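I opened this model to look up surface patches, ring pairs and charge pairs. My notes are below, in the order I made them.

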Amino acid sequence: SNMVISFEEKDRAAIEARGMTVIKAKRVLYKAVEVFQPIFNQLWDICRNMSKEQIEELLRGEDE
């Protein structure tokens, strides 16, 4: 799947203020997506295979 990262003009100033070009910033983001996509895919597969009750239990556990 192809993903397109786009910035608004106001983002350009913030990126460039950090000493990066927009191209460099995009490269960093695409690299991050490349690294994290398989992790997200695995998590999604795990969640898809959980029952509604298991997910609710998991979410309840976080509040305590």
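These are my entries, grouped by topic.

**Ground rules**

I am working with a predicted model, where local features need pLDDT of at least 70, side-chain atom pairs count only at pLDDT 80 or more, and totals for chains, interfaces and linings use all residues. Residues are numbered from 1 along each chain as its sequence is written, and side-chain values use heavy atoms, with hydrogens and water left out.

**Nonpolar patch**

I looked for a nonpolar surface patch and got one of about 590 Å², made by V35, F36, I39, F40, L43 and I46. For patches, residues need over 30% relative accessible area and no salt bridge; like charges are joined within 9 Å, and nonpolar side chains (Val, Leu, Ile, Met, Phe, Trp, Tyr) within 5 Å. The areas come from the Shrake-Rupley method with a 1.4 Å probe, and for residues only the protein chains shown count as cover.

I then checked where I39 sits: it is in helix α2, residues 22-48. Helices here are DSSP runs (H or I, at least four residues), numbered from the N terminus. I39 has a relative accessible area of 41%, so I put it down as partly exposed. The classes I use are buried under 20% relative accessible area, exposed over 50%, and partly exposed in between (1.4 Å probe, protein chains only).

**Rings**

How many aromatic pairs does a search of the whole structure find? It finds 1. The partners are F36 and F40, in a tilted arrangement with 6.3 Å centre to centre and 40 degrees between the planes. Rings of Phe, Tyr and Trp (its six-membered ring) pair if their centres lie within 6.5 Å; planes under 30 degrees apart are stacked, over 60 edge-to-face, and the rest tilted. F36 and F40 are 4 residues apart in helix α2, so about one helical turn separates them. F36 is partly exposed at 43% relative accessibility, while F40 is exposed at 53%.

**Salt bridges**

I counted charge pairs next, and the structure holds 8 salt bridges. My criterion is a side-chain nitrogen of Lys or Arg within 4 Å of a carboxyl oxygen of Asp or Glu. I wrote up three of them.

- R48 pairs with D45 at 3.1 Å, N to O. Both lie in helix α2, 3 residues apart, about one turn of the helix. R48 is exposed at 53%, and D45 is partly exposed at 34%.
- K10 pairs with D11, the closest N and O atoms being 3.6 Å apart. K10 is exposed at 58% relative accessibility, whereas D11 is partly exposed at 24%.
- E56 pairs with K52, with 3.0 Å between the closest N and O atoms. K52 is exposed at 60%, and E56 is partly exposed at 35%. The two are 4 residues apart in helix α3 (residues 52-63), so they are separated by about one helical turn.

I also looked for shared partners: salt bridges join E8, K10 and D11 into one network.

**E9**

Is E9 buried or exposed? E9 is exposed, with a relative accessible area of 59%. E9 lies in helix α1, residues 9-17. Its side chain joins that of R12 through a polar contact of 3.0 Å. That term means a pair of N or O atoms within 3.5 Å; within protein, one must be able to donate a hydrogen and the other to accept it, and residues adjacent in sequence count only if both atoms are side-chain atoms.
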